[in-house]
Amino acid sequence: MRCTGLLLFPLLISHAVKALDNGLALTPIMGWLHWARFMCNVDCVADPDNCISERLFMQMADVMVKEGWRDAGYEYVCLDDCWPSRRRDASGGLQADPARFPGGIKRLADYVHSKGLKLGIYSDVGAETCAGYPGSLDHYEKDAQTFADWGVDLLKFDGCNMKWTRLAEGYRNMSRALNATGSRMVYSCEWPLYEWDFHKPNYTAVRETCNQWRNYADVYDSWSSVKSIAEWTALHQDAVAPWAGPGGWNDPDMLVIGNYGLSHDQQESQMALWALMAAPLLMSNDLRSLCPRAKALLQNRRVIAINQDPLGRQGYRTATLGSFEVWERPLSNRVLAVAVRNKQEIGGPQKLPIVKVPGWRTCGSLCNVTQILPQYKELGVQRQRTDLAVAVNPSGVVLLTFHPILD
Ligand code: GLA
């Protein structure tokens, strides 16, 4: 058994002071992003309901309002790759594909804003996007101004097709260009992801430049993908977690809950882990036809409250005990959120006595324990020597909060 949580937390240094100074993303942003579910489907003749078109984004915006997503906090409706025309316009500006976005992005932004939501767009620091559409290299000022003129609220800036030694300069220049427009846009970067292959990124610079940043590979609609993101984050937690805080966040990529690849237990694991990692909650699924269980999980107010905790500290993996893994995140008012995962992918639920949870002793002698996932359950006031145990399903999670009670 490795038990470092108790000793680690008081010593952890938070680097959360120097964030990008645009006043945005004071808690991780929440919204919807098209990539993992709709990818680069541009065939609106064969597949009008699922192609990357203004219709798709308008329908998502409608559903976000009608079905309680906006009220739950999901605010950003985001375009990913494959939205633009293959060619810039006569004045060198980016333009949306005219057949798929006949009204243009400004009209789409107006529509999204009329619903009380925000619009995100996508471009690339290099000459082309990852899917081969025009990138922003040599056009940073022009593109930043275009996005501002359209009323865009967020830019996801990819890092394909750029020499890694030029990433820092490119990402910083775009950050300055966005700032110079006077419009407030969340700046979502992939800069560290494209640098990790060569060296450890300079997170001081990343945090000063971006509101959120990807560190690791793209999420896929599979448990192996979600697991590998959690594992990468745990293995690199001392390098990345201290940089998270109001204004700037590590981005482990989209929530794939509600698609095809994860069991319900695995979906709960992704939701719990993303909450403990203080991750942006960007769903990529089809909100028009989501199963009720996935919807209830994504709209679970108690899990969202953990993700959105104003203290803004990212959680850590604090122990591995046999097939169990424990993650802890300190919240405001000395509350501790704890996720207990069962990594064994065979058999039935496994029991872990709560006294074995590393953070348990930080409660003092008395603690009010609440189970948030899989079902809400008040586990009552527990003493140090409690015999309470949690049962965790294979590849599932139990998410708890510990409220200390002062003696
Ligand atoms: C990269 C990014 C993804 C997505 C695709 C689009 O792979 O990491 O999130 O934006 O490009 O082409």
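In this predicted model, helices α10 and α12 cross in a left-handed way. Helix α10 covers residues 223–235 and helix α12 residues 264–276; they pack at an angle of about 25°, with their axes 11 Å apart. Angles under 35 degrees count as roughly parallel, so α10 and α12 are roughly parallel to each other.

Who touches whom here? On the α10 side you'll find Trp223, Val226, Ile229 and Ala230, and they meet Gln266, Ser269, Gln270, Leu273 and Trp274 of α12. Sorted by type, the residues of this contact come out as 6 nonpolar, 3 polar and no charged.

Staying with α10, have a look at Thr233, which lies in this helix. Is Thr233 buried or exposed? Thr233 counts as buried because its relative accessibility is 9%, and the cut-off for buried is under 20%. Setting aside neighbours within four places in sequence, Thr233 is in contact with Met277 and Gln314.

Now for the sheet. It is an open one made of 8 strands, paired in parallel, and the order is β8-β7-β6-β5-β4-β3-β2-β9.

| Edge strand | Residues |
|---|---|
| β8 | 249–251 |
| β9 | 281–283 |

On average, neighbouring strands of the sheet are turned by 25° against each other, ignoring direction. At the β8 end, strand β7 (residues 212–214) runs parallel to β8 and is joined to it by 3 bridges. For Arg214, the bridge partner in β8 is Asp251.

One more helix belongs with this sheet: α5 (residues 104–114) lies across β3 (76–78) and β4 (118–124), and α5 runs at about 145° to β4.

How values were computed:
Residues are numbered from 1 along each chain as its sequence is written. This is a predicted model: local features need pLDDT of at least 70, side-chain atom pairs count only at pLDDT 80 or more; totals for chains, interfaces and linings use all residues. Side-chain values use heavy atoms; hydrogens and water are left out. Axes are lines fitted to C-alpha atoms, for helices over the stretch in contact, and angles run from 0 to 180 degrees between N-to-C directions. Helices (H or I, at least four residues) and strands (E, at least two) are DSSP runs, numbered from the N terminus. Angles under 35 degrees count as roughly parallel, over 145 as roughly antiparallel, 65 to 115 as roughly perpendicular and the rest as oblique. A crossing is left-handed if the near helix is turned anticlockwise from the far one by less than a right angle, and right-handed if clockwise. Contact means heavy atoms within 4.5 Å. Ala, Val, Leu, Ile, Met, Phe, Trp, Tyr, Cys and Pro count as nonpolar, Asp, Glu, Lys and Arg as charged, and the others, Gly among them, as polar. Buried means under 20% relative accessible area, exposed over 50%, partly exposed in between (1.4 Å probe, protein chains only). Two strands pair if DSSP finds at least two bridges between them.
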